[in-house]
Amino acid sequence: MSAVPKVFVHGNPETAAVWDPLLAELERAGVPRTELICLSPPGFGAPLPAGFDATVGAYRDWLIGALEDLGEPVDLVGHDWGGGHVVNVAISRPDLLRSWASDVIGAYDPDYVWHELAQRWQLPGEGEADVAARFGAPLGTRVEALVERGVSRPVAERIAAAQDETMGRAVLALYRSAAQPVMAELGRDLERAAHRPGLVFLATEDHMVGTDGQRRRAARRAGARVETLDGLGHWWMNQDPARGARALTAFWAEC
């Protein structure tokens, strides 16, 4: 395996701690720690700069800038909204990549419908009330909410500590900027992602990122191989990090 930076981008409502179990497995598999880089989107474990509007386009441009700063093609991996940013870069700037991997490609299918929570965040007033209650809850409550949804407790404790009003503002801006038909329109250019090798993680118990058919259809359009993670959910990298590491190292070895 060549010495190519492996760059990881997380999503909502997370920090880079979500990758810790997977990174540990990758190190055990022989990937040098110096090759493993985590990038935190503004507002999600990183400051939200003044003037940053936290839209889909702004996060795409942020990630493009961060990859340009690295100065060489990378193996880019994204989860949740991080996976969305990865797909947007694969479509718009494949020259920055050696390969890409994402677990949310179904959101780019023309028939994708946002999950119930996202639709709530997209509603004025109702969205503000939800994020205020969610991110303003006691730390222990925030930890338990993550654990119940599949995040390992040590990781949940680190993520919950960073959930605050700033993250809530970023959540609302991002989801509102991505209300349909925005994702469907972005998906019109999905075939451009095939310029670089792609890997799509299909966790069978993740019901927030499109149907099985939508995910497979979008993966075909993007020219990506599909890694089916039977029995795993949205936080597959916490539930079975060894399986995720095996899939990534095998994929990278073929790039």
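Student: How many nonpolar, polar and charged residues does the lining of the second largest cavity have?

Tutor: That lining has 6 nonpolar, 3 polar and 2 charged residues, where Ala, Val, Leu, Ile, Met, Phe, Trp, Tyr, Cys and Pro count as nonpolar, Asp, Glu, Lys and Arg as charged, and the others, Gly among them, as polar. The model is predicted: local features need pLDDT of at least 70 and side-chain atom pairs pLDDT 80 or more, while totals for chains, interfaces and linings use all residues. Residues are numbered from 1 along each chain as its sequence is written, and side-chain values use heavy atoms, leaving out hydrogens and water.

Student: Which residues line the largest cavity, and what is its volume?

Tutor: A cavity is a set of points on a 1 Å grid over the protein atoms alone where a 1.4 Å probe fits but cannot get out, and lining residues have an atom within 4 Å of a point. Here the largest cavity, of about 130 Å³, is lined by Asp80, Trp81, Gly84, Val104, Ala107, Tyr112, Trp114, His115, Tyr175, Met183, Met208 and Val209, which divide into 9 nonpolar, 2 polar and 1 charged. The second largest cavity has a volume of about 50 Å³, the space filled by probe spheres set on grid points joined across faces, edges and corners, and its lining includes Asn12, Arg149 and His234.

Student: Which residues make the contact of H1 with H12?

Tutor: On H1 they are Pro21, Leu22, Glu25 and Leu26, and on H12 Pro241, Ala242, Gly244, Ala245, Leu248, Thr249 and Trp252, contact meaning heavy atoms within 4.5 Å. Both helices are DSSP runs (H or I, at least four residues), numbered from the N terminus.

Note on methods: Helix = DSSP H or I, 4+ residues; strand = E, 2+ residues; numbered from the N terminus. 1 Å grid on protein atoms, 1.4 Å probe; cavity = no way out; pocket = protein on both sides within 12 Å on 5 of 7 lines; lining within 4 Å.
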